[in-house]
Amino acid sequence: MAAELGLAAMWLAAALAALQLVAGAMAMNARADGTSELAPLVRPAAVLQGLLAAFAFLSLIYLFAVTDLSVKLVALNSHSAKPLIFKVAGAWGNHEGSMLLWVTVMSTAGALIALVERRLPEKTMQATLAAQGFVALGFYAFLLFSSNPFERLPTPALEGNGLNPLLQDIGLAFHPPTLYFGYVGLSVAFSFAVGALLTRQVTPDFARAMRPWILGAWIFLTVGITAGSYWAYYELGWGGWWFWDPVENASLMPWLAATALLHSASVLAARDALRTWTIMLGVVAFSMSMVGTFLVRSGILTSVHAFAVDPERGTFILALLAIYIGGALAVFAFRAGTVAEGERFSITSREGALVVNNVMLSAILAIVLVGTLYPLLTEAFDVRVSVGPPYFNPVSAIFFFPMVAVLLVGPLLRWRRDSLARIRPSLVIVGLLLLVGIMVALLLSPIGILPGLGLVFAPALAVASVLPLRGRSLRRLPLATWGMVVAHLGIAVALFGMASESAFSEERLVAVQVGQTAEVGPWKVRLDGIQPVAGPNWTALQGRMFASYQGGREIEIDPQSRSFWVPPQQTTESALVTRWNGQLYAVVGNEAGDGKWQLRLWWKPFVTFIWYGGLLIALGGLLALVGRVIADLKRRHAKGRVAQRRKEAKA
Amino acid sequence: MRLLRVLIVAMACVIAVAGVQAQESMPPAPYAYRQLDDPEQEAKAQALMETLRCLKCQSQSIADSDASMAGDMRSDVRMRIAAGEDPEAIRAWLMERYGDYVSYKPEVSETTWPLFALPVLLLAFAGLVLWRRMGRGPAAREGKGES
């Protein structure tokens, strides 16, 4: 019954999305004096649509929780003997369920803006909700016609197929939803951009209404990328933390676009400048979300040819991509000319620095996009090329380091017009730090150019990021400013971790007998024994080792080499010892003969700073979000009181 | 003469049997999990291995993979570096053997030139945008408010 109710809710929600689109469009086109009769329906339709989508998703979770094996999706992806948490997580651990989650998040966000957002002119809101309905409609069509999660089997299965053992990891259960929240949050920014463009209301108010959604999406993307990177690091067993893999790039691209959008929206909100550019970024950011979904969901990454054999879903998403991106760009082309560019500013100003940030981030985005799609394109013509770290690292660095250089001074500058002379003391501090950094890097040589640049810039950036606090009352500083400081500090911390990992990591591959000791960096690691251990669906060889840092206390570590039965698969469970100044990374490999065992050991100085930095960036976003929302609420409250008083005075 | 023929046939059999056995459970190649003794050579080998694709994996370099083929390639790379070969010569040899696909470092060629044209174009474009926005002072454009 739950499956039928869920399906019915999905159809109704799709119908409401259509109503939202039609009513919104009619309200927008009504003449300035008169209003359309359908206009009052738009907001309730959006709210109801969000509720229905949430109901459909809850039905799916219920089906997974009780393991209803008459539903095809449950039979294919679940098993009655799984822990409840993985049964629930299994609801979105597959294609259909994850697309339903995507739509649910999008409609819930739409319902929220319909409920609370009252700053913008009503027509702009209706155009925004119409755009939101239009996007949702496409994804409902995708679900209903080609990825129905509620499909029943003609005869119920006796038992489910189970879930890939690698996916039975609590971190991985929550990784995809985190990224989806980010992807979909950008759809709201997209709808706002389209709505503002259609009604020619590209104003600071529009930027302020859009900003919390960008911030929210950006926080989720940051957390998702950071967590995904750490997962790859400890799970793959070779100590790498970023591979420029297309799946990783699929999440990095929306993040880059959202970062740029965040900064340009700040300019628009504070100074009424960069109007068209902000709209453009709003379109690009959600486009990147859809490109990411397409890359991950269409199967095109495993092979272009596999995609060509079973193209239905991929083609559907590709068509949606073409409609939404193409449509938005067409609207942009027609309307952008009628939107004035906005206030002007000089190069040495906060806006000037933020323009550099935007141009550089967009360039990096273009490089990641082309580097990711190019091999797919050539493969379609039967030419196989690989684009990897030797391309992405140096080419993105060409744009990254100038951006960091501007970031050293940007936050210190005033809006509109400023002079470098005014901030000379800060410039001197940062300049000295850079000089010291360069000398230290030269002394430490040989280290590569990129890690060297990272080591030079990171400390200077760390100091520069807190300089805006100088001479200000810390207690009265707005939360959003704290957010900026913390996020920029996070960039410095992550950059330092990356550079240090790349410059100073030590690797040791050895075959040792039980009782022997291997050294890596400051660590001595003694192999104490190898025991077989068994888990619920795997067996493993577990190495018992004792590690001591610079001859200090011995710490026991137990890395494993696991063999799963269904599907037969080997995984390594690395063992990590975390110190404040880095991590020891130990992996046990195969038997090497003569009673020797293969060990892989790494000492990675300050590698953890990469993820601490990522978390700081997200924390900065959170502070800014909370600060903005509180300020908005206060403003609304004050406005309400003024209106109240006026009423009383009249009475 | 006849003896020789028998010998050859026998040897062929032994090799064939050994070959079959080898395919079933081959010990990893000598330098698959062993570093070169000279740290400088090992660093060179490591740098090269990080830019070679493991052909059996999805988006991993041979330096990050447990696949046996990646192990064989690692061993191959290390032995060639130890023999004094130039890393780029080894890359060229591998590309001849496995195709351009094996190298993560695209070389400028007929099929890959757009990858290299793009950063140059972007640099020019970024420069142009910044110059246009910033080049003229705000005073010169004040009041126009349109671009």
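1. The loop at A:D272. A:D272 sits in the loop between α9 (246-271) and α10 (275-297) of chain A; helices here are DSSP runs of H or I with at least four residues, strands are runs of E with at least two, and both are numbered from the N terminus. A:D272 is not a glycine, yet its phi is positive, at about 55°. Most residues other than glycine have a negative phi. Because A:D272 has 16 C-beta neighbours inside 10 Å, it counts as partly exposed. The classes rest on C-beta atoms placed from the backbone: a residue is buried if 20 or more other C-beta atoms lie within 10 Å of its own, exposed if 12 or fewer, and partly exposed in between.

2. Basis of the model. This is a predicted model, in which local features need pLDDT of at least 70 and side-chain atom pairs count only at pLDDT 80 or more, while totals for chains, interfaces and linings use all residues. Residues are numbered from 1 along each chain as its sequence is written, and chains are lettered from A and ligands numbered from 1 in the order in which they are written.

3. The loop at A:R416. A:R416 belongs to the loop between α14 and α15 (424-444) of chain A. With 17 C-beta neighbours inside 10 Å, A:R416 is also classed as partly exposed.

4. The pair α13(A) and α14(A). These two helices pack at an angle of about 170°, and their axes are 9 Å apart; axes are lines fitted to C-alpha atoms over the stretch in contact, and angles run from 0 to 180 degrees between N-to-C directions. Residues making the contact include A:M360, A:I364 and A:I367 of α13(A) and A:F392, A:F399 and A:M403 of α14(A). Two residues are in contact if their C-beta atoms, placed from the backbone, lie within 7 Å. By class, this contact has 16 nonpolar, 3 polar and no charged residues. Nonpolar covers Ala, Val, Leu, Ile, Met, Phe, Trp, Tyr, Cys and Pro; charged covers Asp, Glu, Lys and Arg; the others, Gly among them, are polar.

5. The interface between chains. Chain A contributes 40 residues and chain B 37 residues to the contact. On the chain A side, α13 (350-380) and α14 (389-409) each supply at least two residues. The largest share of that side, 11 residues, comes from α13(A). The side of chain A that touches chain B consists of 24 nonpolar, 11 polar and 5 charged residues.

6. Chain A overall. Chain A has 18 helices and 10 strands. Its radius of gyration is 27 Å, close to the 26 Å that the globule rule gives for 651 residues, so chain A is as compact as a globular protein of that length; the radius is taken over C-alpha atoms, and the rule is 2.2 Å times the number of residues to the power 0.38. Buried residues make up 49% of chain A.

7. Domains of chain A. The division is into domain 1 (1-163), domain 2 (423-504 + 609-651) and domain 3 (506-605), with bounds from an automatic or database domain assignment. The centres of domain 1 and domain 3, taken over C-alpha atoms, are separated by 47 Å.

8. Chain B. Chain B has 6 helices and 0 strands. Of its 147 residues, 22% are buried.
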